[in-house]
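Here is a short briefing for a first look at this structure. Keep the sequence and the 3D view open while reading.

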Amino acid sequence: MAELARLSPNGPPRVTIREVAQAAGVSIATVSRVLNGRGDVSPETRELVSRVIREHGYTANRSARHLSAGRTGLVGVLVPLVYPAYFSSILSGAAEALDEQDLRLVLSPTDHEHDREVSLIDRLMHGLTDGALIVMPEESSEELERLLDEGYRFVVVDPLEPLAAKIPSVSAAHASGADQAMQHLLALGHRRIAAITGPSGWVATEDRRRGYHAALAAAGVLPDPALEVEADFEIPRGRRAAEALLDLAEPPTAIFAFNDNHAIGVLQAARTRGLVVPDDLSVVGFDDVEHATIVTPTLTTVRQPLAEMGRTAVSLLMRLVERQRFETLHVELATRLVVRESTAPPRSS
């Protein structure tokens with residue numbers, strides 16, 4: 001009860017969500033879930049938090065607090081698409097982190113269209129929001145620099161192209177993830193390992209390509225240009241790329257797909273040719289979205305911390321908005337390999 005005493009009605013006239021969390025001995029996120037009627041809270045915890053709220057009169061007067069600080073309490077989130085699991089995972093992490101800060105998001109899908117993105121940012125920056133998260137921006141580094149120079153605060157999540165040093169960003173360790181995938185395949189005995197890459201020039205593509213090449217070189221395997229096929233990150237293109245690789249006179253024994261959609265396309269192409277994964281062909285993806293655990297066989301893949309990328313971007317943005325000092329404008333989160341059923345030693349081993 002010592003914690004509760006600090007929130008006595010004789011104290012400050014308005015308690016904060018952080019003080020409620022401290023008094024109840026739970027996280028801010030848990031208090032937020034209770035306030036929003038979320039179902040993922042145990043009955044005991046819900047009752048405890050609700051009692052603290054009742055006893056100390058907490059009310060979520062968000063608008064008054066943010067307006068008194070000269071802010072709107074709104075943050076724009078520009079995302080190419082909402083429905084693919086990749087983007088929705090980033091979005092869910094960002095939404096939860098904003099909710100913990102008593103902030104609300106303004107969701108703005110860009111449909112991968114440059115002009116639409118420019119128009120949306122222009123609307124968001126003129127008094128509507130305090131800042132923004134821009135997921136995979138279509139704008140160039142020079143355009144984003146100009147936006148910063150105009151005083152708008154934003155953080156880029158998973159940049160498509162290399163950014164200037166002054167542009168804040170959050171990304172995943174692509175090269176490290178690719179190295180983990182390749183080391184796994186090499187350790188199984190594979191040497192003829194193909195890669196289905198993403199579009200040339202994209203940060204994720206080039207970083208993963210570097211990891212792929214570096215692992216081959218370290219194993220003494222010369223890269224074979226015929227074993228690299230470029231595709232966008234959709235399932236049909238991954239399937240067509242896999243068909244081209246499997247039609248080679250000497251097809252690969254393993255394919256490293258640069259995202260899970262590609263990998264699912266590989267599984268489809270293998271099945272139509274009567275190949276058994278992983279007996280005849282090993283497959284590794286990248287992302288670890290929900291589909292990786294649904295397909296048969298379940299997919300060995302590199303896990304990107306997508307929700308954490310969204311949360312970290314919010315944290316960085318809030319420090320920018322509040323003009324706090326910090327060590328770096330660029331955060332790279334670790335990736336890790338998740339081994340499931342789609343990889344095995346090649347038959348020749």
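His174 is found in helix H9 (residues 174-188); helices are DSSP runs of H or I with at least four residues, strands are E runs of at least two, and both are numbered from the N terminus. This is a predicted model, in which local features need pLDDT of at least 70, side-chain atom pairs count only at pLDDT 80 or more, and totals for chains, interfaces and linings use all residues. Residues are numbered from 1 along each chain as its sequence is written, and side-chain values use heavy atoms, with hydrogens and water left out.

- His174 counts as buried at 2% relative accessibility. Buried means under 20% relative accessible area, exposed over 50%, and partly exposed in between, with a 1.4 Å probe and protein chains only.
- The side chains of His174 and Arg208 make a polar contact at 3.1 Å. Such a contact is a pair of N or O atoms within 3.5 Å; within protein, one must be able to donate a hydrogen and the other to accept it, and residues adjacent in sequence count only if both atoms are side-chain atoms.
- Leaving aside neighbours within four places in sequence, His174 is in contact with Asp158, Val203, Ala204, Asp207, Arg208, Phe286 and Gln304. Contact means heavy atoms within 4.5 Å.

**The aromatic cluster**

- Arg208 also lies over the face of Phe286, at 3.8 Å from the ring centre. The rule asks for NZ of Lys or CZ of Arg within 6 Å of the ring centre and within 35 degrees of the ring normal.
- The count comes to 4 aromatic pairs. Rings of Phe, Tyr and Trp (its six-membered ring) pair if their centres lie within 6.5 Å; planes under 30 degrees apart are stacked, over 60 edge-to-face, and the rest tilted.
- Phe286 is buried, with a relative accessible area of 0%.
- Phe256, Phe258 and Phe286 form one aromatic cluster.

**Helix H13**

- Buried residues of H13 include Leu306, Met309, Gly310 and Val321.
- Their cover includes strand S1 (74-79), helix H6 (85-100) and strand S11 (330-333).
- Just after H13, Arg323 takes a positive phi of about 55°.
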